[in-house]
Amino acid sequence: MSALLEIDNVTKRFGGLCAISKCNVRVMEGHAHGIIGPNGAGKTTLFNLITGIYKPTEGDIRFRGESIAGLRPGRIALKGIGRTFQNIRLCKNLTVLDNVRIAFDSQLHYSPLEAMLRLPRLGRDERRSIDESMKLLEPFGLTPHAHAVAGDMSYGLQRKLEIARALALKPRLLLLDEPAAGLNTGETAALTEFLRWVKSEFQVTLVLIEHHMHLVMNLCDRITVLDFGQTIAEGTPAEIRENPRVIDAYLGGTEVEQG
Amino acid sequence: MRAFFESLGRSRMALPILVVLGFAFCVACEFLPIINTYTKGVLIMVGINIILCASLNLVNGYMGEFSVGHAGFMALGAYASAVMTIKWLPASVFELPLAVLFGGTVAAAIGFLLALLSFKTRGDYLAIITLAFLMIVKSAVENIEYLGGPRGMTPPVLTNLPWAFFWVVVTLWIIRNLVYSKFGRAITAIREDEIAANAMGVRVREAKILAFSTSAFFGGVAGALYAQVNFFIDPKSFDIVRSTEILVMVYLGGVASLAGSILGAVIFTLLFQALQDLGTWRMVVMPLILVLLMIFRPRGIMGMKELPWFLPKRELFTKRQP
């Protein structure tokens, strides 16, 4: 098994603030990889670095062995990295179906001229995009809402739509930023099963930021713990649970020696 | 009655029939004394304004940016076509179509450059860049002796009603096709959330360039038609007031709606003519309408909604409808 994503000694500074410092993460193909850490540890910053919203100050990010540090966000997405956002970012005025189609569009190849003049390839491609997008909505329970306006839907459905939309890109790697935020215990358990199913069905590697330990411990093959922008531990859920530095970071103990 | 209108709304034949009838009417007006020259002039202006409004809507409505430079593209189109008809190809058979296409192409080329310059800017900053562009175009034209300087140019009158109508249909058809393609969805996604659009693999640069260039092209086309109907163009015809008028039409009719663009242009042009008697007071009434509109219907009459006639068949059930 090889590393799908390698974050290699990455540092990100915002002026004087060091949000990420010499961070190393290796995500194996086919794994579910958890990223945990206290608030402000730099987890979302790490996602923004991977997806190109920020450029690393130092270090390199490799996806399938190829450096993606400094590429534009759109390019990185097209290389096969889909993501969801901590505070849902949907096209709120568009329908559910159109939200998915926008992501699916990267697989349509007609040119602007063909679009403007409505040449035959456009119709074929568009019908395919509608059919495949509808098909994608089904396992998410979104089929009855396909023509609803995304912003009018319930929070839970919007979360699901965001995942469906990310999968429409046909990504190899899916980054989920707090997918269980705002869900209760029962819903979180259902989400765990659902993500497991997504992982096998779409053959996608998952990286998730999450605070619900239950979900992380149950789902993830490996976990990276960040604190103050640094990797303080990496290992299997069982190892992480026993790690004194992790316990220290979470519970804020002062007795444990630093470093 | 209601059922009749609903079935009419869903009818796929209604729009093509209307287009044919409209064209026939325009041709009839040209050869038969149905309407007087003044009315004809107003109708041509309605057509030109529809083209301006629909094309600006692509950037300001569908893409959600705020460009105030549309009069600049109009000026480019007008002057390019005037140069073509006066200096390069006077009185040749092709001058009519060529001049309009040339006007559009020049505007599109400059629109392309403007898009390159303004990638990273949004909102207020883009408004300032387009404002600067408008001022550059206006003062450039004022100072180029070849283009008549402040005195302007007097291109021959070539545009007639059927020709204006033809371009209205072409403009709406092409913008409609673009909007309901992956490019239109990309443009709309940029309006909704640029960061999310990026994460969805939308080629943001490509979409912005396309929206800007297409919008500029039809702005130029409108300018070329305007030059050929007015017998006279000068730099003052393309100042910020002109841009404001187009903006009013877009926000009156409704953002991200072609039906809205038509409605906005028609209402504005007719109102503008009807209020002619008010003289300078017209300049008070029009902005007042705009203020009231922003308070009571900030997205315009048809904001974000579309008449089913304009939707491609496969999209009929995928969009919000009025």
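Modeller: Start with the residue classes. The lining of the second largest pocket has 11 nonpolar, 6 polar and 11 charged residues. This is a predicted model. The pocket has a volume of about 680 Å³. Its lining counts 28 residues, and A:R72, A:P73, B:E194, B:N198 and B:V204 lie nearest the centre. Both chains supply elements to this lining. From chain A, α2 (73-78) and β6 (81-83) each give at least two residues. The most comes from α2(A), with 6 residues.

Now the contact of the two chains. Chain A brings 41 residues and chain B brings 35 residues. About 3,200 Å² is buried between chain A and chain B, and carbon and sulfur atoms give 60% of that area. On the chain A side, A:N93, A:M116 and A:R118 supply 20% of the area that chain A buries against chain B, more than any other three residues.

Polar links cross the interface too. The rule finds 4 salt bridges there. One joins the side chains of B:E315 and A:R101, at 2.8 Å, N to O. There are also 11 residue pairs in polar contact across the interface.

Which elements of chain A touch chain B with two or more residues? They are α2, α3 (96-104), α4 (112-117) and α5 (120-137). Here α3(A) gives the most, with 6 residues. By class, this side of chain A has 20 nonpolar, 10 polar and 11 charged residues.

Terms used:
Residues numbered from 1 in each chain as written. Chains lettered and ligands numbered in written order. Predicted model: local features only at pLDDT ≥ 70, side-chain atom pairs only at ≥ 80, totals over all residues. Heavy atoms only, no water. 1 Å grid on protein atoms, 1.4 Å probe; cavity = no way out; pocket = protein on both sides within 12 Å on 5 of 7 lines; lining within 4 Å. Points joined across faces, edges and corners; volume = space filled by probe spheres on them. Helix = DSSP H or I, 4+ residues; strand = E, 2+ residues; numbered from the N terminus. Nonpolar A, V, L, I, M, F, W, Y, C, P; charged D, E, K, R; others polar. Contact = heavy atoms within 4.5 Å. Buried area = accessible area lost by both parts, 1.4 Å probe. Polar contact = N/O pair within 3.5 Å; in protein donor to acceptor, adjacent residues only side chain to side chain.
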